[in-house]
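Hi,

Here is the structure I promised to pass on. Please open it first, then read my notes below.

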Amino acid sequence: MPLPDTIYCGQQIHIPPQLPDILKSFTKAAIRTQPTDVLQWAEAYFTALSKGEFLPVKERLEMNIASQTTDTGLTPGLLKVLHKQLSQRQKCSRKELQNKWKGVCLPPEQLETLLSLGSFGSVVDWMSFFALGCSTLGGSLMTSLKFACEILTEDEEGGAARIPFTTFVTLYTYLAHLDGDIPQEHMDRFLESLQERVDLQDGMIKPLDFINSPHPD
């Protein structure tokens with residue numbers, strides 16, 4: 001026998017005081033991030049929220065991505081999300097990376113391609129993987145490094161996009177070695193050519209310092 005419908009009045013329904021703000025923040029985050037699978041992303045969002053972790057949320061809407069009807073895979077905004085989530089330690093587990101990747105609704109085959117390209121095992125060096133992610137975004141070595149600067153910088157949006165030269169050297173060296181066609185002597189000369197201007201900038205480098213410099217692309 002079905003139970004009779006129960007009619008509640010407003011005074012009988014208790015709404016947790018935090019709920020409206022939680023739902024408002026969630027809705028804004030979803031609009032800004034534009035996940036391809038809202039339910040999958042929502043699971044990652046509330047799991048991170050409950051654990052006090054970095055949320056899988058873009059800092060701003062990527063207009064060129066939001067206007068597309070097909071999944072384009074990794075974007076600068078999503079790579080920045082992953083960097084915030086996984087860069088706290090120098091290394092992360094392959095499983096953790098797979099979970100975070102899934103949480104932002106990226107295609108698993110793209111992740112497996114990057115992991116294979118970098119010959120990663122059960123433990124992943126995050127900055128090496130980050131460099132590979134930038135290479136996916138950029139069509140050349142210098143463009144990849146420009147994306148890295150724009151993602152890693154603490155400058156305001158539209159600013160110089162400076163990063164520490166030591167970080168730049170790490171990313172450049174990894175990608176250049178992965179390329180396999182750039183002699184070590186050429187790499188050394190290129191970095192030395194940047195050193196003088198970096199010394200005048202408190203050890204920081206920006207895309208304008210290297211994007212038009214002679215380089216082995």
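**What I found**

Start with how the chain contacts itself. Among contacts in the protein chain with a separation of 6 or more, 57% join residues 24 or more positions apart. Keep in mind that this is a predicted model.

Next, the overall make-up. The protein chain has eleven helices and four strands. There are 217 residues in the protein chain, and 38% of them are buried. The chain exposes about 13100 Å². Carbon and sulfur atoms supply 55% of that area.

Now look inside. The largest nonpolar core has 46 residues. Those with the most contacts inside this core are Leu97, Phe129, Phe130, Phe168, Tyr172 and Phe210. At least two of its residues come from each of α4 (76-86), α5 (94-103), α6 (108-117), α7 (126-137), α8 (141-152), α9 (165-179) and α10 (184-199). There is also a second, separate core, of eight residues. Phe26, Ala29, Trp41 and Cys105 are among them. As background, nonpolar side chains tend to be buried together in soluble globular proteins.

One lysine deserves a look. Find Lys58 in the loop between α2 (38-51) and α3 (63-66). Is Lys58 buried or exposed? Its relative accessibility is 4%, so Lys58 counts as buried; the cut-off for buried is under 20%. What does the side chain of Lys58 make a polar contact with? The partner is the side chain of Glu62, at 2.6 Å.

Best wishes

Key: Residues are numbered from 1 along each chain as its sequence is written. This is a predicted model: local features need pLDDT of at least 70, side-chain atom pairs count only at pLDDT 80 or more; totals for chains, interfaces and linings use all residues. Side-chain values use heavy atoms; hydrogens and water are left out. A nonpolar core is a set of buried Ala, Val, Leu, Ile, Met, Phe, Trp, Tyr and Cys residues joined through side-chain atoms within 4.5 Å. Buried means under 20% relative accessible area, exposed over 50%, partly exposed in between (1.4 Å probe, protein chains only). A polar contact is a pair of N or O atoms within 3.5 Å; within protein, one must be able to donate a hydrogen and the other to accept it, and residues adjacent in sequence count only if both atoms are side-chain atoms. Contact means heavy atoms within 4.5 Å. Accessible areas come from the Shrake-Rupley method with a 1.4 Å probe; for residues, only the protein chains shown count as cover.
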